[in-house]
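Colleague: Could you walk me through this one slowly, starting with the rings? I'm new to reading models.

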Amino acid sequence: MKKISLIICLLFLITSLAGCGGGGSPLNPNDPVTLSMWHNYGGDMQETMDVLIDQFNSTVGKEQGVIIDVTAISSSSELNKSLDMIANGDPGAPDIPDIFTGYPKVAIQFQEKDMLCNFDNYFTESEIGEYVDAFIEEGRLSDGGLYVFPIAKSTEVLYLNQTLFDRFAEETGADAGKLTTFEGLAELSMSYYDWTDAQTPDIPNDGKQFLAVDAWFNIAEVGMVQLGGSIFENDALSLESDEFAHIFDVLYKPAVEGGFAVYDGYSSDLSKTGDVVCSMGSSAGILFYGDTITYPDGTIENVEYNILPYPVFENGEAVALQRGGGLMVAKTDEQREYAACLFIKWLTASEQNMRFIEKTGYLPVTKQAFEEDMTSHLESLTDERIEKMLTSVLSMYDSYSFFTAPNYPAFDDDSSNYESEFKALLTGERSKLIAGEDVSSEDALAAFIK
């Protein structure tokens with residue numbers, strides 16, 4: 001009886017292991033499964049992805065029985081339109097692809113209708129632990145499941161036209177150390193505006209701006225975290241705090257008095273024409289910066305850029321935003337989901353991931369890539385711009401925390417409204433100042449948070 005009981009226990013254990021993934025792969029190399037994949041990468045990113053997919057299909061995919069059939073949709077709006085049609089069940093909608101790129105806000109639509117694979121079912125805790133924690137966290141939705149897997153991430157950095165800054169510093173004694181804080185940037189910007197304005201004494205108010213930013217809202221949301229607070233409360237913006245008042249005041253004066261540019265386009269646009277000395281935006285925007293600037297009169301000047309870590313408000317914690325798209329897998333059956341996850345594990349492993357980011361300007365997603373592989377990989381990069389960016393981000397990885405914005409339904413509207421209203425306020429206050437009217441940071445703040 002004891003032997004029979006032991007046999008029964010062993011059979012139960014084997015059955016349990018099989019149910020937890022211990023029963024082997026559901027794939028058959030002699031009868032491969034073909035998975036459709038959509039992505040919105042173009043240019044170098046598409047070429048690199050194509051090469052990687054070909055490599056997978058001819059190696060691991062061939063051995064295991066998986067073929068990736070990829071479709072590149074270079075327009076993000078076109079991709080999102082097709083995905084919206086699928087999620088909404090619209091007439092004429094295409095079939096859902098097995099694998100597709102997108103942001104968490106896209107994933108929410110599918111997850112609410114139980115149309116996405118939960119990666120937790122196919123990745124062990126140990127495997128998940130190999131990826132940067134903040135990058136994984138962004139892909140978890142309201143039920144705690146992981147539905148968006150990181151592949152192409154970015155943070156924000158400060159792009160500095162070193163040539164223009166050195167010229168400014170030589171004439172004025174400007175301290176480059178002030179570039180590390182927003183308060184320091186505000187101070188430098190006013191000094192730069194006054195210095196350039198004084199070069200044409202017969203023309204008032206024609207000083208040049210020092211800094212342009214891609215998103216004022218990002219400064220507010222990250223700045224609040226740096227100062228120990230949050231701009232969000234119960235899935236809504238909360239602006240009535242001492243921390244936000246400080247952020248507002250630091251940004252208000254240089255923007256109204258001419259040191260910060262209030263601009264509707266990308267900050268790199270103003271950088272390429274020499275209208276600003278530095279700009280703040282996504283690390284993935286590095287490819288928009290070259291080694292020349294073209295002034296409005298057509299004059300071209302060779303310049304050198306440096307990429308610096310994201311500024312921090314004084315007495316704040318070193319925190320920066322992380323964001324970017326990921327990969328989603330349609331909920332189908334065990335074989336197809338297993339095959340898709342096999343491909344994603346291979347694609348995001350450090351060796352393949354480093355090949356993907358070396359020509360794209362995006363960040364690696366594994367801890368091994370950041371902590372072990374990137375230092376040696378930097379030596380082999382041929383694009384100096386990406387080398388500088390990754391060097392800067394590597395230093396941030398060691399000393400910064402990465403902040404992930406929430407995914408509540410009204411987030412896009414809240415951030416968009418904040419951005420447009422904040423810029424409109426600053427533009428209006430600037431016009432008042434030039435017209436000789438009195439302006440006040442306190443009054444402007446009160447009007448803004450109403």
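**Aromatic pairs and helices**

Modeller: A search of the whole structure finds 38 aromatic pairs, where rings of Phe, Tyr and Trp (its six-membered ring) pair if their centres lie within 6.5 Å, and planes under 30 degrees apart count as stacked, over 60 as edge-to-face and the rest as tilted. This is a predicted model, in which local features need pLDDT of at least 70 and side-chain atom pairs count only at pLDDT 80 or more, while totals for chains, interfaces and linings use all residues. Residues are numbered from 1 along each chain as its sequence is written, and side-chain values use heavy atoms, with hydrogens and water left out.

Colleague: OK, what kind of pair do F217 and F411 make?

Modeller: They are edge-to-face, because the ring centres are 6.0 Å apart and the planes stand at 70°. F217 lies in helix 10 (residues 216-226) and F411 in helix 17 (residues 411-434), so the pair ties together parts that are 194 residues apart in sequence; helices here are DSSP runs (H or I, at least four residues), numbered from the N terminus.

Colleague: And is F217 buried or exposed?

Modeller: F217 is buried, with a relative accessible area of 3%, where buried means under 20%, exposed over 50% and partly exposed in between, using a 1.4 Å probe and protein chains only. F411 is also buried, at 14%.

Colleague: How are the rings of Y418 and F422 arranged?

Modeller: Y418 and F422 are stacked, with 5.6 Å from centre to centre and 15° between the planes. Both belong to helix 17 and, being four residues apart, are separated by about one helical turn.

Colleague: Switching topic, how do helix 15 and helix 16 cross?

Modeller: The axes of helix 15 (residues 367-378) and helix 16 (residues 384-399) come within 11 Å and cross at roughly 145°, the axes being lines fitted to C-alpha atoms over the stretch in contact, with angles from 0 to 180 degrees between N-to-C directions. Residues making the contact (heavy atoms within 4.5 Å) include F370 and M374 of helix 15 and L390 and L394 of helix 16.

Colleague: Last one, which residues does E138 touch?

Modeller: Leaving aside neighbours within four places in sequence, E138 is in contact with P104, K153, Q322, R323, G324, T404 and N407. E138 is found in helix 7 (residues 133-138) and counts as buried, at 8% relative accessibility.

How values were computed. Helices (H or I, at least four residues) and strands (E, at least two) are DSSP runs, numbered from the N terminus.
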